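Subject: Structure for you to look over

Hello,

Here is the structure I said I would pass on. My notes on it follow below.

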Amino acid sequence: MIRQHRQLFLVVVSATAFGLAEAWSAEPGPIGGPPAAPNAAVIYWQAFASLPTLTDEEKTKYDAVTKTMSEPLPDDVATLLERFASPLNDLRRASSVPTCDWNVDYSAGPEILLPHLAKARELSRAGILRARWRFAHDESDEALADILAVLKMGRDCGESPLIISLLVSIAIQTNAADALAANLPTLDEKQLDTLLVRIKALPKPASLPNCIRTEEAVFCGWLESHVDAASAKAEDPRKGGQSFVDALTAIGFLNPQAMDKNAATKLNGLTADDVRESLRLLRADYQKLIAIAELPPAERKKQWADADARLTERKTMKNKNDHLYLQSTALLPSLSRVSEREESFENRSQLLDLAIQIQRHGRDSVKTLGTVEYKKNDGGFELSLPNVENGKTEVLKVGGAK
């Protein structure tokens with residue numbers, strides 16, 4: 001009898017263990033629901049959470065070695081990089097997950113929070129530093145994996161398509177591209193071929209027109225809801241506009257006290273209908289900005305200047321209907337610099353692609369460079385391309401890493 005009970009016990013334990021093993025091997029997901037879809041943002045946040053708090057001495061050293069791509073790295077950087085091992089491993093893990101959704105609360109309108117952007121910039125600095133260290137110590141495969149992970153995170157920052165996200169995305173990718181270009185001569189043919197394929201497989205970059213579209217939807221939707229709420233609370237419909245002005249002032253988008261007396265008087269006289277008309281004009285202004293952003297680079301400079309001049313003039317509220325542009329003057333940014341940054345990034349991306357091809361197949365393999373200028377130097381070569389919006393020249397230096 002005891003023997004039979006023992007056999008039965010072993011069968012139950014074995015069956016239970018098998019069931020648990022089967023359960024543990026399944027994809028995790030919400031209780032009672034399907035498995036959760038892979039999301040790179042979740043992994044990035046794990047990396048952000050494990051970023052180390054550096055001592056004052058470590059921070060001084062870290063800032064010194066990450067502010068330039070040309071200075072040789074001291075030996076004790078290896079000890080510093082050990083502090084970043086966990087977040088950088090998560091960065092690499094996230095690079096293999098195609099989907100990235102930051103779950104941004106767009107309903108917050110002008111008060112929207114984007115904490116992932118600053119964290120991503122900090123993590124990218126560590127990723128590029130480790131890649132430079134690995135390039136310098138003949139660990140090219142691992143260095144390339146780090147650089148590609150940073151580039152992927154830079155593109156993923158653009159998945160929250162707002163103008164600030166675009167700028168952070170460009171900054172991260174530009175730094176990674178510079179570190180990569182400085183070390184291209186150390187790569188063999190197979191690595192260069194793989195690099196071209198991997199870069200082309202990165203998520204599509206964010207674009208300024210799409211960011212403006214998102215901001216129109218986000219901000220105008222928020223404004224419409226607040227106009228309705230302010231109107232509903234106002235006992236006198238003629239004062240509904242003032243309630244809305246008070247709401248914009250409370251969150252820092254308006255400062256009536258800084259306006260001249262004439263402008264402040266016009267604001268105080270706004271009705272709810274005035275504010276709704278102002279909102280209609282804001283949407284129309286957004287559409288004009290989108291149209292400018294979609295123009296060829298050579299045609300954008302004057303258009304941006306004209307748009308900025310119109311906004312500046314309306315802020316004075318000297319003309320009869322300028323007060324109806326209240327929301328445009330409060331919310332619309334000056335986009336000429338952003339547009340220049342985007343063109344600069346697009347030019348740099350083009351130069352990087354050409355640089356990899358030239359490094360792989362030689363200068364003669366590229367039949368025509370068009371407006372791109374090629375110049376040989378001691379450490380490798382340089383490629384340059386003019387930015388037609390601001391007249392400056394984008395230069396990519398290939399080789400020269402120390």
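The axes of helix 9 (residues 189–200) and helix 16 (residues 336–361) cross at roughly 160° and come within 9 Å of each other. Helix 9 is therefore roughly antiparallel to helix 16 (angles over 145 degrees count as such), and their crossing is left-handed. Helix 9 contributes Glu189, Leu192, Asp193, Leu195, Leu196, Ile199 and Lys200 to the contact, and helix 16 contributes Leu352, Asp353, Ile356, Gln357, Gln359 and Arg360. Contact here means heavy atoms within 4.5 Å. By type, the residues of this contact are 6 nonpolar, 2 polar and 5 charged.

This is a predicted model, in which local features need pLDDT of at least 70, side-chain atom pairs count only at pLDDT 80 or more, and totals for chains, interfaces and linings use all residues. Residues are numbered from 1 along each chain as its sequence is written, and side-chain values use heavy atoms, with hydrogens and water left out.

In helix 5 (residues 85–94), the buried residues are Pro87, Leu88, Asp90, Leu91 and Ala94, buried being under 20% relative accessible area, exposed over 50% and partly exposed in between (1.4 Å probe, protein chains only). They lie on the same side of helix 5, because their arc around the axis is only 155°. Their cover includes helix 2 (40–49), helix 6 (115–136) and helix 7 (140–157).

Glu142 sits in helix 7 and is partly exposed, at a relative accessible area of 34%. Leaving aside residues up to four places away in sequence, Glu142 touches Arg92 and Arg134. Glu142 and Arg130 are 12 residues apart in sequence, with 9.3 Å between their C-alpha atoms.

Regards

Conventions: Axes fitted to C-alpha atoms, helices over the stretch in contact; angles between N-to-C directions. Helix = DSSP H or I, 4+ residues; strand = E, 2+ residues; numbered from the N terminus. Parallel < 35°, antiparallel > 145°, perpendicular 65-115°, else oblique. Left-handed = near helix turned anticlockwise from the far one by under 90°. Nonpolar A, V, L, I, M, F, W, Y, C, P; charged D, E, K, R; others polar. Arc of directions from axis to C-beta.
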